[in-house]
Amino acid sequence: MRYFIYIIIFLSFFDLFTQLPIMSTYAESLGASAFLTGLAVGMYSFSNTFGNILSGVWTDRSGPYRVLIVGLFATGISLLLYSVVNSPMVLLAVRFIHGLVGGFIVPAAFTFLSNLMKKEKRGQSSAISGALIGIAAISGPAFSGILANKLTVPIIFSITGTCLLLLGFISLVVLKHFSNNNVEKEETHHVSLQLFQNIGLLKSYAGAFFLMFAQGVIAYLLPLKVQELGFGTHITGTLLSTFGIVAVLLFLLPTNRVFDLVSPDYTLAFGISLMGTSLLLLSSVEDMLFLYVSMAFYGVGFAFLFPSINSLLIDSTTKKERGKAYGYFYAFFSIGTVGGSSLLGWLDLGIQQGFIFTGIILILFALLSMVLKRKSLYH
């Protein structure tokens with residue numbers, strides 16, 4: 001059953017990553033101004049934040065099964081709506097709907113998954129889901145980028161939407177048996193989801209934010225860095241693929257057992273500090289080989305960080321509160337996605353200064369996370 005949930009997680013993130021290479025050019029083809037083009041790109045993340053939070057609250061009240069089914073069907077239908085888009089304003093409306101209902105899927109799916117897994121395997125399971133997200137990050141843009149030369153953008157989205165609808169129908173049958181009896185009844189004390197009253201959740205949310213904050217910085221500055229050094233634009237793609245491949249390998253190889261053997265407090269600090277160090281390296285290196293080495297280090301850091309923040313969330317919540325926790329968790333993901341590039345643009349930092357600024361922030365967070373102590377629910 002876990003593997004079916006993995007498929008849902010993969011396709012949900014595949015939907016996200018297929019948008020990246022084609023949305024800005026699609027908006028421009030509809031006659032959107034530079035402002036409306038940027039708004040169309042960011043609208044998904046904006047509404048997705050609210051969808052994540054709503055999903056979390058609804059999941060705790062009704063269980064993840066119902067939320068997951070609604071999310072799959074609603075997202076599939078929203079993707080089909082791109083076929084009726086004929087102006088920038090209609091595109092903005094569809095983007096808002098797509099982001100909102102798309103936000104229902106991931107918190108419910110991860111809640112379902114975490115309730116099925118054994119506590120001693122939560123790190124390894126988080127690593128596998130991280131690998132699927134990494135594979136989606138590599139295959140999604142490639143899929144839409146290649147098909148964009150042969151098919152229209154609405155058709156590309158319709159293909160993904162049809163897959164989600166089919167997955168929704170299959171889920172009605174496959175997951176229904178587990179909707180009410182998939183977890184044991186749990187009698188534990190109440191755990192506050194208030195950020196500053198639960199150190200484990202605070203670390204998890206901050207880790208989610210800074211992970212995607214760094215991703216936004218990479219997406220913003222790396223192409224400029226490659227261009228500044230006089231390399232071809234295809235080098236940016238291979239650099240990003242290097243980071244993704246390294247992360248996926250660490251997620252899937254026996255190295256993923258480390259996430260159940262070592263406290264997530266330590267693996268989080270190691271991962272985020274390694275990501276910060278790689279950004280500092282990117283600020284100064286000029287040789288192509290060292291660019292690839294820096295991105296490989298970044299991939300290792302990413303591979304250690306993602307399972308750690310998932311494990312911290314699971315350790316810091318009870319099953320009946322986990323939906324809301326995951327809702328906030330992925331809301332921080334969405335905020336961080338646009339926060340990195342937006343903040344650097346607002347501060348008007350150069351390429352080198354932007355990498356240094358972000359690298360220092362990540363390393364400071366790693367040090368702070370080691371200072372903050374959390375209390376386990378199971379002690």
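Modeller: Before we start, one term: a residue is called buried when its relative accessible area is under 20%, and exposed when it is over 50%. Also keep in mind that this is a predicted model.

Colleague: Got it. So is Ser78 buried or exposed?

Modeller: Buried, because its relative accessibility is 1%, and the cut-off is under 20%.

Colleague: Where does Ser78 sit?

Modeller: In helix H4, which covers residues 64–80.

Colleague: Which residues does Ser78 contact, leaving aside neighbours within four places in sequence?

Modeller: Those are Val94, Ile97, His98 and Val101.

Colleague: Let's zoom out. How many helices and strands does the protein have?

Modeller: There are 15 helices and zero strands. The radius of gyration is 20 Å, close to the 21 Å from the globule rule for 379 residues, so the protein is as compact as a globular protein of that length.

Colleague: What box do the C-alpha atoms fill?

Modeller: Roughly 60 × 50 × 35 Å, along the principal axes.

Colleague: How much of the protein is buried?

Modeller: Buried residues account for 52% of the 379.

Colleague: What about charges, how many positive and negative side chains?

Modeller: 21 positive and 15 negative, with the centres of the two sets 10 Å apart.

Colleague: Back to serines. Where is Ser171, and is it buried or exposed?

Modeller: Ser171 is in helix H8, residues 153–174. With 0% relative accessibility, Ser171 counts as buried.

Colleague: What does Ser171 touch, leaving aside neighbours within four places?

Modeller: Its contacts include Phe4, Ile8, Tyr65, Ile69 and Leu72, and Lys176 is on the list too.

Colleague: One more serine: where is Ser12, and what does it touch?

Modeller: Ser12 is in helix H1, residues 2–18. Not counting residues up to four places away, Ser12 touches Ile105 and Val106.

Colleague: Buried or exposed, that Ser12?

Modeller: Buried, because its relative accessibility is 9%.

Colleague: And how far is Ser12 from Leu80?

Modeller: They are 68 residues apart in sequence, and their C-alpha atoms are 15 Å apart in space.

Definitions and conventions: Residues numbered from 1 in each chain as written. Predicted model: local features only at pLDDT ≥ 70, side-chain atom pairs only at ≥ 80, totals over all residues. Heavy atoms only, no water. Helix = DSSP H or I, 4+ residues; strand = E, 2+ residues; numbered from the N terminus. Rg over C-alpha atoms; globule rule 2.2 N^0.38 Å. Buried < 20%, exposed > 50% of the residue type's maximum accessible area, 1.4 Å probe, protein only. Lys, Arg positive; Asp, Glu negative; His and termini not counted. Charge placed at Lys NZ, Arg CZ, Asp CG, Glu CD. Contact = heavy atoms within 4.5 Å.
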